[in-house]
Amino acid sequence: MLRLHDTASGIVRELELRDPGRVSMYVCGPTVYGPPHIGHGRQMLVYDVLRRYLVWSGLEVRHVSNITDIDDQIIARAAKDGRTEEEVSNEFEQAWNDALDALGVLPPHDAPHATAYVPGMVGAVEQLVAKGIAYETGDGVYFGTDAVQGYGLLAGQPLDSLRAGERVDVLAEKRAPFDFVLWKKSKPGEPTWDSPWGPGRPGWHTECVVMSLGLLGDGFDLHAGGLDLKFPHHENERAQAVALDHVFARHWMHHAFVETAGEKMSKSKGNFTTLADLLSRHDPRAYRLLALQAHYRSPLEVLPGSISDAERSLERLDELARRWEALGDRRPSPAPEADAGALAAFRTAMDDDLGTPAATGSLFALVRAANGALGRDDVAGAAPVVAAVEQIAAALGLVALTADTAVDADVTALVAERDAARAAKDFARSDAIRDQLVGLGWTVKDTPGGTAVHR
């Protein structure tokens, strides 16, 4: 069974499921006020690979990831651009979804929007006020952290060494430094909703606790996000759930940052590269592979050289897929079972805290072995290895590129003409057609099955 590092206990332990055979996972999604950067891309990929592996392991997964579509940053961006908050959030939610598609990331089963859950948030705050845990101030309603025994569990260090966080305002009326806002009273020009404390909007920390419990129920299996969210955001979610007598997440998972020159990549630091920029210049699979080659709890630095190395590795995977496809009827039928030892090694690596570095290392060792067998024309020996490569690559979301399915009729005719020229030993004509295809932007490979082209 999969064992993952649990932030709450500080150890790697088995992911114990509430419902046998089913995994309920909540991943904190974007605040949509700007384009997603490559740090967001890592988040997308980490939990996509986790989800794919769980499904590969035979489990049913329900994946929820929220959209924060009302927030201080969205309001500030709208004011700066002279647009509505809805226009800003719609634009950048679409940018987020476009990035998911480009990276080959499976969309969540549910993507709740914070604005759709405001009535539930108001109800949760009312309950906390009625319990005497939340209190009203001049600018909103705050949660009294002293009322929750063990507050700070996810921080993993003494609270005195931490500050309240970027989204927790310092206010004289707060009873304790770590108390946080549940409801913000309205300011001129801001969007508002009705509440017992007057018009206003929910605090950031209230959103996810209401949405996660509302969609996944008490005691859901896994709550995940970046290291920057474990305190105060996730701790404040946990505190509200505990105060409301809910059983909250059974397991907490946090991934490390993408860094630039040793610094966390973030919008606020201005040191980020948008995903759209990265993916316009490189094979999107290369970023997935780069993320897989680093353990999710280790920092990831994205450099031009490392992206290029990943692209070269992918070319070896693609070459194997094309060679295997080109064999046509020479491939064993029915297809043999995947190499059992290879699959067992993959499972062992992944079950050890999602050990993607070891898993990808074993994948490309299999690619080398299969290419070697095909080089010796050992098709029967290559077959179970190729089957293992296909299974493992699919579980990691690494789709191999074979012959381009978008080859048009003119290119197909040139390929056929070149094969005919080679069969007639008209190598001058064959070379001329190769040059013509290359000039059209195609990579040309000679295979046992004839000419293969791909972009």
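This is a predicted model: local features need pLDDT of at least 70, side-chain atom pairs count only at pLDDT 80 or more; totals for chains, interfaces and linings use all residues.
**Stop 1: two cis prolines**

Start with the backbone. Most peptide bonds are trans. The bond from Phe231 to Pro232 is cis, with omega near 10 degrees. Pro232 belongs to helix α6, which covers residues 230–243.

Next, select Ser333 and Pro334. A cis peptide bond joins these two as well, and its omega is about 0 degrees.

**Stop 2: two positive phi angles**

Most residues other than glycine have a negative phi. Select Leu354. Leu354 is not a glycine, yet its phi is positive, about 50 degrees. Leu354 lies in the loop between α10 and α11 (356–375). Is Leu354 buried or exposed? Leu354 has 3% relative accessibility, so it counts as buried, since the cut-off for buried is under 20%.

Now jump to Lys425. Lys425 also has a positive phi, about 60 degrees, and is not a glycine. Find Lys425 in the loop between α13 (409–423) and α14 (427–439). Lys425 has 62% relative accessibility, so it counts as exposed; exposed means over 50%.

**Stop 3: aromatic pairs**

Turn to the rings. The whole structure holds 11 aromatic pairs. Select Trp56 and Phe346, one of these pairs. Trp56 is partly exposed, at 21% relative accessible area. Phe346 is buried, at 0%.

Then select Phe143 and Phe180. These rings are stacked, 4.9 Å centre to centre, with 15 degrees between the planes. Phe143 lies in strand β6 (residues 140–143) and Phe180 in strand β7 (residues 180–185), so the pair ties together parts that are 37 residues apart in sequence. Both Phe143 and Phe180 are buried.

**Stop 4: a cluster and a charge**

Select Tyr26, Phe220, Phe248 and Trp252 together. These four residues form one aromatic cluster.

Finish with Arg175 and Tyr135. The charged end of Arg175 sits over the Tyr135 ring, 3.9 Å from the ring's centre.

Methods. Residues are numbered from 1 along each chain as its sequence is written. Side-chain values use heavy atoms; hydrogens and water are left out. Helices (H or I, at least four residues) and strands (E, at least two) are DSSP runs, numbered from the N terminus. Buried means under 20% relative accessible area, exposed over 50%, partly exposed in between (1.4 Å probe, protein chains only). Rings of Phe, Tyr and Trp (its six-membered ring) pair if their centres lie within 6.5 Å; planes under 30 degrees apart count as stacked, over 60 as edge-to-face and the rest as tilted. A charge sits over a ring if NZ of Lys or CZ of Arg is within 6 Å of the ring centre and within 35 degrees of the ring normal.
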